[in-house]
Amino acid sequence: MNTAARSLTRAAERVTALVTARLRGRDIHTELERLDALPRARARVEVAGVIAAILGLAVLAASLGWIAMAAFFLLVLYIGR
């Protein structure tokens, strides 16, 4: 795997860890360790699911109008803080 793909994979894993940590009320470092401890296939399924859910919510918000898109943006800011 080249460095760009490795970097993108690691970024997706960090986003997944952040989202799951916020939803479960845990520390992001604990979630990163949990994600690293999973079998590679299971971790990839979890990462793909979270990224797909984020993309799906963004598309849904965009289709509902600018107020929903603003609410989605505020949700992203709240989770990412």
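Contact here means heavy atoms within 4.5 Å. By that rule, among contacts in the protein chain between residues at least 6 apart in sequence, 38% join residues at least 24 apart. The model is a predicted one, in which local features need pLDDT of at least 70 and side-chain atom pairs count only at pLDDT 80 or more, while totals for chains, interfaces and linings use all residues. Residues are numbered from 1 along each chain as its sequence is written, and side-chain values use heavy atoms, leaving out hydrogens and water.

The protein chain holds four helices and zero strands (DSSP runs numbered from the N terminus, with H or I of at least four residues for helices and E of at least two for strands). Read from the N terminus, the order of elements is α-α-α-α. Along the principal axes, the C-alpha atoms fill a box of roughly 40 × 30 × 20 Å.

Of the 81 residues in the protein chain, 22% are buried, that is, under 20% relative accessible area with a 1.4 Å probe, protein chains only.

Spanning residues 3–24, helix 1 has 22 residues and reaches 31 Å from its first C-alpha to its last, close to the 32 Å expected (1.5 Å times one less than its number of residues). Its buried residues are Ala-12, Glu-13, Thr-16, Ala-17, Val-19, Thr-20 and Ala-21. These buried residues pack against helix 2 (28–37), helix 3 (40–64) and helix 4 (66–80). Just after helix 1 comes Gly-25, with a positive phi of about 70°.

Methods. Buried means under 20% relative accessible area, exposed over 50%, partly exposed in between (1.4 Å probe, protein chains only).
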